[in-house]
Amino acid sequence: SQSSIYVRPTGRVIGIIKRNWRNYCGVLLPSVDTEKTRHIFIPSEKRIPRIRIETRQADVLMSHRIIVSVDCWPRSSRYPLGHFIRDIGPMGDRDTEEEVLLLEHDIPHLPFSKSVLDCLPKLPWSIADYEFVLREDLRNTCVCSVDPPGCTDIDDALHYKSLPNGNCQVGVHIADLSHFVRPGTALDLEAQKRGTSVYLCDKRIDMVPEVLSSNLCSLRANEDRLAFSGIWEMTKEGEIVSRRFCKTVIRSVAALTYAEAQILIDDKSRTDPL
């Protein structure tokens, strides 16, 4: 019927209150005359128009990645006007190109501030006695982790064991970062801003400082660690019989690589719990 026809809401732009400009990475348009001061900047982001800037360093910057900020876009100008912020480095250099990726995707990557580092526990650190009262002690359960070679931020692990009733128990254990990151602290706010760890070809941009990501919150082999665990009882056909979630203390027996785990799976002669 006519009353059931959906009418899509429509509108029109009547004005721009403020342009959401940011700093942009890119290169200068090659020019024969490097002595002139007015140059065209080409942003790495293809959706951004070219920007006209003034600089006396064109002879040096012509083969470099640079950062430019937009100042305004006059009605009479074909391009927005901006100014040079800083030189990132030579084009093609790995460190330069990695920084461009981080900047263009707005990934926080500066060193952690003193206020953030002040939130970290002092080393050497050990699990307080009261945690064993509040948590389930799974240190005698055969827990292991499987990660790429060289991984130091081991944030999850698992276990599997057969039960007397013929079913099996499967456990997934996640490092309990919340024990160290208190709400509203500088560490919490910085972790919220970063959101996740970012992995590049040869480096990792941590969400939290390394003392947590690669040490106290890394489920390393043969070390007691705090975890949050999900434990399922399942039939041999994979049907879930029961589930529970709890805070735990675990002690991984092995930090395996994918290749090492596959070797264990393929070795039918092994009878140990791992």
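This is a predicted model: local features need pLDDT of at least 70, side-chain atom pairs count only at pLDDT 80 or more; totals for chains, interfaces and linings use all residues.
1. Residues are numbered from 1 along each chain as its sequence is written, and side-chain values use heavy atoms, with hydrogens and water left out.

2. Let's start with strand β9, residues 168-175 (strands are DSSP runs of E, at least two residues, and helices are runs of H or I, at least four, numbered from the N terminus). Since 6 of its 8 residues are buried, β9 is largely enclosed by the rest of the structure. Buried means under 20% relative accessible area, with a 1.4 Å probe and protein chains only.

3. Who sits beside β9? Strand β8 (residues 156-162) pairs with β9 in the antiparallel sense over 7 bridges; pairing takes at least two DSSP bridges. Histidine 159 has glycine 171 of β9 as its bridge partner. The two strands make a hairpin with 5 residues between them, and glycine 166 in the turn has a positive phi of about 95°.

4. Strand β12 (residues 224-234) also runs antiparallel to β9, joined by 8 bridges. Here histidine 173 stands opposite serine 229.

5. Now the largest nonpolar core: it has 22 residues, and Leu187, Leu212, Leu219 and Ile250 have the most contacts inside it. (A core is a set of buried Ala, Val, Leu, Ile, Met, Phe, Trp, Tyr and Cys residues joined through side-chain atoms within 4.5 Å.) The largest share, 3 residues, comes from α6.

Definitions and conventions. Buried means under 20% relative accessible area, exposed over 50%, partly exposed in between (1.4 Å probe, protein chains only).
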